[in-house]
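Work through the exercises below with the sequence and the coordinates open, and try each task before reading its solution.

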Amino acid sequence: MRPEHHPATRTKATISRAAAVKRLREHLAAEAALPLQEGSRSQLLLHPQPTGKGVVVLFHGWSSGTYQYDVLAPQIYARGFDVYIPRLPGHGFKKPDGTSDPGHLLKSHEALGYRRYADEVYDRVRHLGGPVQVVGLSGGGNVALDLVARHPEIRGAVAIAPFLGSQDWKARTGHHLMWALDRLTFGQGSRFLNRLNHSWGPVEPTTGAGHWNHPIGAIYAMARYGDHVMRDLPKTRAPIQFITSATDRAASARLITEAHEKTGKNSRNGFYEFPAQLNVPHPMVHPLTNPVTSSIEKLNEITLKFLDAQIPTDSP
């Protein structure tokens with residue numbers, strides 16, 4: 001047996017990676033027993049040995065599933081990164097008849113459950129070896145920004161249309177009213193929202209995991225989480241690449257711009273916005289939800305360039 005393979009001479013980093021891999025696989029095994037939709041389960045792409053490139057964590061969009069990174073994740077892995085795509089808390093459940101079960105989504109008063117989830121995910125991957133980088137879409141963009149703001153050792157983040165608040169003025173007004181009511185009632189006032197239903201539209205897609213119909217309180221929880229993230233963003237020291245679309249009808253363009261300003265307009269940060277004429281939708285990372293193929297290719301190009309060398313991209 002060669003010395004470097006003898007148990008007594010293995011490095012601390014190797015032992016830490018082995019322990020981290022074991023924990024990740026145990027988590028995946030436990031999740032496999034849950035009644036989840038296809039396309040919503042957590043995914044792990046792991047190189048047999050550390051490559052030195054580190055790990056990239058991909059957070060999918062709120063009310064969607066991990067399938068959103070079916071195109072991007074293999075490209076990141078091919079560049080030598082380990083890739084972990086965790087399922088957002090409460091997401092992906094289905095009823096015995098196979099239909100979506102949104103009853104597990106975090107409720108109006110559970111916004112900080114996303115922060116606990118973010119820290120749990122980071123704890124799972126930080127010993128895999130090499131730097132940690134995070135990428136997030138929509139609500140997953142909130143998680144990515146939260147982590148990079150509170151964990152300065154994270155190398156960088158790509159925030160794709162983070163849902164820091166709604167683009168719809170009526171939803172924003174309702175959010176502010178509920179926030180004021182919660183302050184007066186110690187977080188109890190908004191709980192009635194958990195009994196009210198919201199749908200993304202009259203026709204539910206037949207493909208892709210997710211929760212087309214869900215409680216309004218669950219959306220409010222993600223928006224409240226966005227408030228917490230915005231407060232912490234000035235602490236950020238690592239570079240961030242923002243990617244948005246001028247025709248995004250879900251995430252607040254004003255708040256994304258403000259987030260960019262809070263993290264510092266400098267040469268390390270990038271802000272790329274797809275122009276209105278392309279009509280790129282909010283869930284822009286996958287062909288099932290974005291028919292503009294050229295924009296997916298551009299998004300992937302921007303993301304890979306940033307992950308490889310922290311080279312930011314700005315709009316032309």
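A residue is called buried when its relative accessible area is under 20%, exposed when that area is over 50%, and partly exposed in between. The model used here is predicted.

**Exercise 1.** Determine how many residues of helix α4 are buried, and against which elements they pack.

*Solution.* Begin with the extent of the helix: α4 covers residues 139–150 and reaches 17 Å from its first C-alpha to its last, close to the 16 Å expected. Next, apply the burial criterion, by which eleven of the twelve residues are buried, among them Gly139, Asp146 and Ala149. Finally, look for the packing partners of these buried residues, which are β2, α3, β4, β5, α6 and β8.

**Exercise 2.** Examine the salt bridge between Asp146 and Arg115, and find the network to which the two residues belong.

*Solution.* The side chains of Asp146 and Arg115 meet at 2.7 Å, N to O. This pair links helix α4, which holds Asp146, to helix α3, which holds Arg115, across 31 residues of the chain. Both partners are buried. Through shared partners, salt bridges join Arg115, Asp119, Asp146, Arg150, Asp232 and Lys235 into one network.

**Exercise 3.** Are the partners of the salt bridge between Glu31 and Arg87 buried or exposed, and which parts does the pair tie together?

*Solution.* The closest N and O atoms of Glu31 and Arg87 are 2.9 Å apart. Glu31 lies in helix α1 and Arg87 in the loop between β3 and α3, so the pair ties together parts that are 56 residues apart in sequence. Glu31 has a relative accessible area of 4% and is therefore buried, and Arg87, at 14%, is buried as well.

Terms used. Residues numbered from 1 in each chain as written. Predicted model: local features only at pLDDT ≥ 70, side-chain atom pairs only at ≥ 80, totals over all residues. Heavy atoms only, no water. Helix = DSSP H or I, 4+ residues; strand = E, 2+ residues; numbered from the N terminus. Expected span 1.5 Å × (residues − 1). Buried < 20%, exposed > 50% of the residue type's maximum accessible area, 1.4 Å probe, protein only. Contact = heavy atoms within 4.5 Å. Salt bridge = Lys/Arg side-chain N within 4 Å of Asp/Glu carboxyl O.
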